[in-house]
Amino acid sequence: MSSSLSVRARKLLLRLVAVLVVAVGVPVLIAGPASAHHPEITATVDCNGIVSYTAKSWAGSTPEQMTNPNIGVYLKKGNSFDKVAQGAFAAPGYSFSGTLDIGQAKTATIRVKADAQWGSGVAAGDFRDVTVTVDATCGQTKVGICHRTASETNPYVYIEVPKDEADGHITGIAKNHDQVTWREDGIWRGVSHKAGDPKLDYYASGPEVCDDTTPPSPVELPTAQIANTCTGYSIYLNNTASTGDVTFVVTVNGTSTGYLVEKGKTREITETHAAEGDVFNITVKQGTKELAAKSFTIDCEKVAPVATITPTCTGYTGVLDNSGSNVKVTFTVVVNGVSTDIEVAAGEKQPISKTDAVEGDTLTVTVKHGTEELATKSFTIDCEKVAPVATITPTCTGYTGVLDNSGSNVKVTFTVVLNGVSTDIEVAAGEKQPISKTDAVEGDTLTVTVKHGTEELATKSFTIDCEKPVATIEPTCTGYTGVLDNSASDVKVTFTVVLNGVSTDIEVAAGEKQPISKTDAVEGDTLTVTVKHGTEELATKSFTIDCEKPVATVANSCTGYTVTLNNTASTVPVDFTVTIDGTVSTETVPAGQTKTLTGPVAENSSHIITVANGNETLAQSAFTVDCVKPTAMVAQSCAGYDVTLDNSGSTLPVEFTVNVNGVDQLVTVPAGQVRHVTGTLVEDSTNTITVRGGGAELVSSMFTQNCETAAPAAAVTHDCTSYTATLTNTGSNIPVEFTVNVNGVSQVVTVAAGQSQQVTGPVVEDGTYTVTVSAGGAQLVTGSFVVDCVTGGGDNAGGGDNAGGGDNNGGDNNAGDNNAGGGGAGGTGSDTPSNDGFLPATGSPALLGLALLLGLGLVAGGGLVVTGDRRRIRAN
């Protein structure tokens, strides 16, 4: 008993020490290191929400102190900061500048932080914040005002205020401005005033109007402005600086009207009923002096404003597009009945968005211009539909692939990692995006991986190793003909044709051929023609045109023959002797012309055709018609598909068309040969492969790719110090995510196809643990146990009362100090529970067997006395 109490005392002491350690532990520093090294930032924001900032290093005494290779620029969003830019502090300026768009926000906080240690070795972490605010008067029309001051020697200063606030300044009732009076009698710009008279603001066309100069005659002082609108015009008549009343003469399209404006007053003349296309010629005069003139046409309907709305997983994004107009437009955005007016300047676009919606929210978003509805969408946030997929196909110049988001209703960001370098690519909902690398060379090794977040969608590692293209060159009477043959390759190839030193690059698609020729050479021309692929020479010929002779050709097909008699190089008629299977005929071809002879042939028939001119044989062909139809076969496996194109029974080449899920691929198979077309397939996809050849459909196959073979499994064990969860995915060819939950705390572990993995964790004495393992939405195993590893206290019988650890018939009475055996066979009265431990999910025989084995392990192990330290484990 004393031994047991001492153990418990030690436990309590340890727990007390642990509590004291936590209570007096070292505090965690939230701010960056206490160092003189820090970045500095200044920033301004314009009316369009564009922030201009400059980040600068602290004023250190040495270049190393001021140097930092990674300075992050962050924008505050809610309670966190998002990184939006990056720069570096380096000689000579140790600073950098940039801009960022805060959209429709009125204020923004920008942080500049050292993300790497300083050049002098000081740690990273120091930062500085700056907050900017958009001017509240942005977007408002402003006018000039001479604004009163309390000074007698400098009584006015020039300011610009929003137009709708100007009258308050002129009348003296503007907010936030105290009434000011003249302290002495005097004259200001020719107008007398008494001490105590109110000092009123007045309109000004510029700062010079606020100076006390000798006033000119009333004829020179008035000013006028003309502004055209979409419904006519506005004319501003300003007589605030004159010493008397003034008559302005306004002439509109030849019709003149006089307007009297009293001293110190202004007047506005407007027209609001003009129509699109109306033309105006307007002048404003005071006497003979022209104050303003303007000619214009009402042209406001160039391109009507448009709007777009795109649902996202957090709400929506959109664009208010006024780029085609020459006037400012007010858009109204209505979200679930709540309207917001947004002005967009002429020729501009304005992004809109909502980013705080959650899964299941229903939104109705409408954009209007006046009463016209420009765009509307009603939708429910539903982003858990079809996961994105990706494909990667090696080529001779790198790879091609597709980022497939066609099954989703939201935009997705894919990450393409090429030899460790990552690139993020956004793909719109329901769309696909091709990807490629085209500058790799023979022998390059590439590893390409496509991810969506942390999930790996596709990966391939390969070395560029491609079949070589071939080329032919045949001289003719007008130059040459030839073929650039890429039919044996599965990638696009660039051939270089060099004619008498002049190079031309020609691209030929995979599986294709490209004819080449020169047709304008003349008799006696010497040509050197070379075809290259990269630095490799595929074919070359040097020759001189010598064609003052008739020529003939014989060609055959599965249905007939063609004899061509060519006399284009001659200036006199020529007689050709044509012998077809022993039948002789004479064919006369005029100078400069050709003649064609044709005839039918039958399958398995043999023919000899000879063409002569005098005693010279120009052409001869002996052939047997052997046109057995080509065949094709489609094979499918977990590795993908394999299409066999069989032309082994034919004496002529055949062009096959292989259509895989709607995409055609043309493959030419030479006579007597077989070709294979292979590719990968997406798990659970439905595929259709059709092959045509020789003018007929040869085979069509439709199937679903399903290669998952065995369900995942799990087992859990424990001892006095730890538990172990063994996660098994050996029977599958795809990775599986297991969720291991210990006392309510979950851990997600991805186990690769065909692999197993263990997850371990600590346990403490007297601790109770419940462990559950699930995968694919199914529970694989679950159970609870209590760690009970105290030293046994029995006197003579192995820790039990009388019988080897059991209460009734548990041993043979010989498990004590004299016979350290196993305590006998264990009677039926054992303490071990009959149903506790780890049990598999119902309905899986394999997992049930595993759980039974585990239960037996707990029964046998839970009551087993370990002779090394006489500790035991009790199943709960």
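This report looks at the disulfides in the structure above.

The model is predicted, so local features need pLDDT of at least 70 and side-chain atom pairs count only at pLDDT 80 or more, while totals for chains, interfaces and linings use all residues. Residues are numbered from 1 along each chain as its sequence is written, and side-chain values use heavy atoms, with hydrogens and water left out.

Take a disulfide to be a pair of cysteine sulfur atoms within 2.5 Å, and you get two of them here. Here they are side by side:

| Disulfide | S to S | Torsion about the S-S bond |
|---|---|---|
| Cys146 and Cys210 | 2.0 Å | about -100° |
| Cys720 and Cys789 | 2.1 Å | about -95° |

Start with Cys146 and Cys210. Their torsion of about -100° makes this disulfide left-handed. Cys146 sits in strand β8 (residues 142-148), and Cys210 is in the loop between β12 (202-203) and β13 (223-229), so the bond ties together parts 64 residues apart in sequence. Strands here are DSSP runs of E, at least two residues, numbered from the N terminus. As for exposure, buried means under 20% relative accessible area, exposed over 50%, and partly exposed in between (1.4 Å probe, protein chains only). Cys146 is buried at 0%, and Cys210 is buried too, at 3%.

Now for Cys720 and Cys789. With a torsion of about -95°, this disulfide is left-handed. The pair links distant parts of the chain, 69 residues apart: Cys720 is in the loop between β55 (713-718) and β56 (722-728), and Cys789 is in the loop between β61 (778-786) and β62 (838-840). Cys720 is partly exposed at 24% relative accessibility, whereas Cys789 is buried at 1%.

Definitions and conventions:
Helix = DSSP H or I, 4+ residues; strand = E, 2+ residues; numbered from the N terminus.
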